[in-house]
Structures are given as C-alpha cells and as structure tokens.
Amino acid sequence: MSMNGPSYSTATPEIEHPRTKLVQLLGFLSIPIPLLGPVAWWMGNEELRKRDDGDRAQLILGRTIGMVMSILLMVGLVLLAALWVVAKSWLLTGGQYETLVKASLVTIQILAYSFALGIVLSLIVGVARLSERRWVRGAALAFVEFARGISSIILLFIMAVAIPILLDVPQTSKILLASIALGINMGGYGAEIIRGAILSVPKGQTEASLSLNLSPTQRLRYVVLPQAMRVILPPMGNLTIEILKGTALVSLVGVTDIMQSANNIRQAQLFDQAGTQTVLLLNVLVLYFILAQVVNVLFKLWERRVEQRYKGGPALSPDQLPAHIRHSTPGVTG
Amino acid sequence: MSTMENAAATAAEDQEIEEYRPHRKWYRRPDIMVPVLLILLVYALLVGYVESPNFFRTKMEAPSGLVNFDWMWFFHLIPLMLQGLLVTIKGALLGFAVAVVLGLFFALGRRSKLPFVSWPVIAVIEFIRSTPVLVQLFFWLALERTIPVIDLSPIALLMVGLGVHYATYCSEAYRAGINSVDKGQWEAATALNLSPVTKWTRVVLPQAVPNVLPALGNYLVAAFKDAPMAFIIGVHGVLFFADQVAAETFRVTEPYLIAGVGFLMASLPAAWAVRQLERKIAYERV
C-alpha cells in the first residue's frame, strides 16, 4: 500500500512494524518462558535505537516485560542454584514435619487464648469508649493508646519476664502470660474496630430500642451488635491473622511454638550436618501461610452467614408466622 | 461611568485571578516543602549520625537482687535506652523507605491486566502479608548466610525484611488510593492521548498518593512497632539494649520497663501526628 502525503481518510494508519509485533510477542512469551526475556529486551532496544515512529510505546512495553522477566529469571535462578548447592532439597523429612505440626497446636492454643481475651477486652473497651461518663471514656482511651502504641514484642517481654518478678507472680505458665500480652495488643485494635462498628449502626436503631424499653445490655446484645457484626468481621479477620503472626514472637520468651521448634530442628540439623536453615524456614513460612488462610476462610464463612442473616428471608404471610406471634398480631385471626 | 466601573471591575477580577494560584508547583508551596525538608533533615541526621553502639554497659552498679524495682537505676538507664531507641527508629525508617517504593511497584503489578503478571504478584503479596515478620527476618538472615556473595549488615537485613513485609501493606494502601481516583480522570487522560507514563506520573499518582498518606503513616508506625524484634538478627536496638543489660546485671524488670516507656514516648507522638495528617487531608478533601 502506497501513501502519498498524509491521508486522514484511511481507517487505520499502518505504523505497526512487523518487528514491533515480534518484540511484543517475545515480551509476552517471556512471561511463561522466562528464557525469552533477555531476547525481547535486547531486540526491543535495537528497534528503539533504529526507529522513531508511533510504535515506541509498544516497543517499550515489550522491552520492559522482557527486562523484568530476565531480572526475575536471574534472581530466581540464583536463588534456586544457591539453595540447591547448599541444601540439595526443598522439603524436610517426615519427622521434622511431624514436629512442626505438633508445635502448630501450641501456636493455635496461644492464638485461641489471646483471641478470647482480645475479644472480651475489645468489647468492653470499645463500648466503654462510647460511654457517657467522662472518666470511663478517658480510661478506655488510655488503654487503647497504650495497647496500640506499644510494640507487641516489648509488651510480651514485659508481661512474660518483667511483670512476674516485679509483682512476685510465679512464672508457671509462660503460654498464659504470653497470651495475655497478645490479647492486650489485640484488645487495643479490636476496641477501635468495635467502636467504629457501633457508631456505624444507624441511630434510629438505638432510639427504637430505647422506645421499646430495652435495657442497655439488651440493646447492645440484640439490636446493635448483630447489625454491627457486618462491619466488625472483615477487619477482625485481618486482626486475627495479625495476632497469628504475633504468636511467632512467643518463641523468644521460651514457649515451644512453631518458630521455637523450628529452632530446635535447626539444632538437630546442625548436629546431624543435614539440611539447611533456608529450606527449613521456607517450610515454616508456608505452614504459617496455611494457618493464616484457614483463619481467613473461617472468617469468610462467618461473614457469609452474618450476611445471609442480615439479608433475611422472604416476607411471611400471616399463615406462615409462628403461632405465638400470629395470635398476638392484631387483625390476624386463627 | 458604567463602562469605567465595568473596566475597573474587570481589572480587579484579572488581578484577583492572577493573585489566586491554587495550582502552584508542589515545590513552591511552603505547606508541602517545610515538612518535606524537615523530614529529609531528620532522616539524613538519623541515617548519617546514628551509629549502633556495640555494647550497652551501665556505669552504675546494679542494685542487689533483693529489691524488685529500683528507681535510681531505672532513671540511670535512660541514656542507654535512648541510644538503642535511635537505632530502632533508624531501622524502621530505612525499612519503610524501601516499603514505600517497593509497595508502589507491587500495587502496579497487582493492577496489571495481564494475568501472568498480576497473579504471581498477588500470590507474593498474600504470602508475605500472612506470614510473621519474625520468621521472615530469620529467613533473610539464613538466606544471606547461605549465599556467600552477599554480605549485609544487620541493619541492612532489617531494612530488607521490614521493607518487603511492609511493601505488601503499602501496596494495598496504594491500590485503594489508585482505585479512588475518579474514572473521569482516566478517561480525560485517554482523551488527551497521554502516554502511559505521563498518565501515571502527572494524572493518577498525584491524586492517589495524598489520599493514601495517612494509611502509609499508620504503616510507618506499625513498622516502627515491629522494628525492635530485629535484635534477633543482631540489630543493636532498644530491645537488644534491654536484653543485654538484663543478661549482664541479672535484673530484668527495669530494662524492659524502661524500653516500653521509651517506646511509648516515641510511638504515641508519631501516631498522633499521623492522626493530625489524616484530619487535615480529610478536611481538604471535603
């Protein structure tokens, strides 16, 4: 096709060079086949140097993908090679996996304790932050600021090491002390979540329950909290995963959780001269990831249940109503 | 008469229009430049002048084991604790600098329309986000020891570990910010035939980043709270100080308590400043 002079009538100006398409194709192909990355990178550079037309953006795209993929390829190859040279394997032995799974029960136990304490604390403090009494609000705010401001690991050391000596508490259960520290930490964040959720419930609901003469406890239990649940659950799930991540810290005060048993396995490895720490820790990371995903799925299921309850069923006809309501509803006979 | 009045009014209007320059360049706005310069100054001072002490040794003799708590010794530990705290702050800031930059790339990768790009990025982000930073630090340490070519100081390791961990959080913040940019802005950028680079650097990011500044500030505070645990990889921060003093004097109460107090003294003002920033930005957006 010959073009003499600029023509504005043609539908598609033919500026796409076949080699541009090749560079882009190579770039995209380099994503599944990273070996092609350097080729796309080099070729795109050559084309960019030679030509200056409308294809620049596409050439740059192809070249960039090639560049990124070749960098990733290099990093990945280096990592794989380094691990292979040192470790000769990606997995642990069956006995080591057994130890880790057993230790994850301790982690789950600590998570359960601190979750229970955290939920209780966040409910109490979250409601207290909305109290009408000034000093209650102030005390709750002070707690929240303290729990959110302090590092969980320092709090853990204070709880598990300093407090028992300061107050002459016997250091019988480190698990319990560590759970208290993590629970306080969770309570601070959870209180803010619950406070925000309570504030997000429309004011009419509170007023309606006041006019129905519900006590404050009933109001909270039957009217406000069930509606606030929709707002509470998603951030609470994230917070629980944060606490699960925080449980790794208890290994530093001498509780045999996943991390501590990984250290023990490491000692055994050093003794046996077998296995490497990198592979071991990679497996530990995967184990924590699986635990976090379990927590995530549980919270998602809970969210769905709450969501369905909130949606409600179809409107019932008078015949379908439960008997005690049907009889007390005016205008409905039978 | 009326024409003169009209002319005067137009002139005044012109002048007013000339006076009113809401879209000054960012580097000509004192309300942006003053904090930026201050932050840069503090940053440079921290990075340049804070050096981690090799050991924390108390000059005063520790009280005997019969007393649970000794105020004199508690106050005596303050200067040592401040040294450790500065190192911790430095580590957190260095790590967060990595996180802010890396997080943007994570966010862009996650937004990519190519599933080959976005899926691995999502996988990496989710994996890093849901695993403990403590284990990650150990992992980086082991990796660094495994590969003989790389030789990183403990604080550089902390920088990598915290940076990668918080980059995933920052990427979520950036994603929210980018999604909050009005659809019309994207369409206008397309209509003006802006190149992708121009569109991102001149249209999208300048609108997205101010919205996510409070979230980034929150993550900075969170990173600061995770920084003390770097004592396990040998960063001589605030917890290392407490650990060492406790090991040398066999008194655990005061060092850990003073570490907690000092930490609160640093993190509470930081959290307060972030909240002020949040309020200011919320006010500007209304």
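Helices here are DSSP runs of H or I with at least four residues, strands are runs of E with at least two, and both are numbered from the N terminus. What you are looking at is a predicted model, where local features need pLDDT of at least 70 and side-chain atom pairs count only at pLDDT 80 or more, while totals for chains, interfaces and linings use all residues. Residues are numbered from 1 along each chain as its sequence is written, and chains are lettered from A and ligands numbered from 1 in the order in which they are written.

**The two chains**

Let's start with the overall make-up. Chain A has 12 helices and zero strands, and chain B has 11 helices and zero strands. Read chain B from the N terminus and the pattern is α-α-α-α-α-α-α-α-α-α-α.

How much of each chain is buried? A residue counts as buried if 20 or more other C-beta atoms lie within 10 Å of its own, as exposed if 12 or fewer do, and as partly exposed in between, with C-beta atoms placed from the backbone. By that rule, 35% of the 334 residues of chain A are buried, and 36% of the 286 residues of chain B are.

Contacts come next: two residues are in contact if their C-beta atoms, placed from the backbone, lie within 7 Å. Take the contacts in chain B with a separation of 6 or more: 78% of them involve residues 24 or more positions apart. For chain A the corresponding share is 74%.

**Where the chains touch**

How many residues of chain B are in contact with chain A? There are 35 of them, and they meet 36 residues of chain A. The elements of chain B that give two or more residues to this side are α5 (115-129), α6 (133-146), α9 (196-226), α10 (238-249) and α11 (253-285). Of these, α11(B) gives the most, with 10 residues.

What sort of residues are they? Ala, Val, Leu, Ile, Met, Phe, Trp, Tyr, Cys and Pro count as nonpolar, Asp, Glu, Lys and Arg as charged, and the others, Gly among them, as polar. The side of chain B that touches chain A has 26 nonpolar, eight polar and one charged residue.

**Helix α4 and its partners**

Now for α4 (residues 78-111) of chain B, which packs with α9(B) and also with α7 (residues 154-179) of chain B. Axes are lines fitted to C-alpha atoms, for helices over the stretch in contact, and the angles run from 0 to 180 degrees between N-to-C directions.

| Helix pair | Angle | Axis distance |
|---|---|---|
| α4(B) and α9(B) | about 135° | 9 Å |
| α4(B) and α7(B) | about 45° | 5 Å |

Angles under 35 degrees count as roughly parallel, over 145 as roughly antiparallel, 65 to 115 as roughly perpendicular and the rest as oblique. So α4(B) is oblique to α9(B), and α4(B) and α7(B) are oblique to each other too.

As for handedness, a crossing is left-handed if the near helix is turned anticlockwise from the far one by less than a right angle, and right-handed if clockwise. The crossing of α4(B) and α9(B) is right-handed, and so is the crossing of α4(B) and α7(B).

Which residues bring α4(B) and α9(B) together? From α4(B) come I89(B), A92(B), G95(B), F96(B), A99(B) and V100(B), and they meet L216(B), L220(B), A223(B) and F224(B) in α9(B). Sorted by class, that contact has nine nonpolar, one polar and no charged residues. The contact of α4(B) with α7(B) has 20 nonpolar, six polar and three charged residues.

**A few loop residues**

K59(B) sits in the loop between α2 (30-49) and α3 (71-76) of chain B. Why does K59(B) count as exposed? Because K59(B) has 7 other C-beta atoms within 10 Å. The C-alpha atoms of K59(B) and I258(B) are 16 Å apart, though the two residues are 199 residues apart along the chain.

N193(B) is not a glycine, yet has a positive phi of about 60°. You'll find N193(B) in the loop between α8 (183-191) and α9 of chain B, and N193(B) counts as exposed because 8 C-beta neighbours lie inside 10 Å.

F250(B), also not a glycine, has a positive phi of about 60°. F250(B) lies in the loop between α10 and α11 of chain B, and with 10 C-beta neighbours inside 10 Å, F250(B) counts as exposed.
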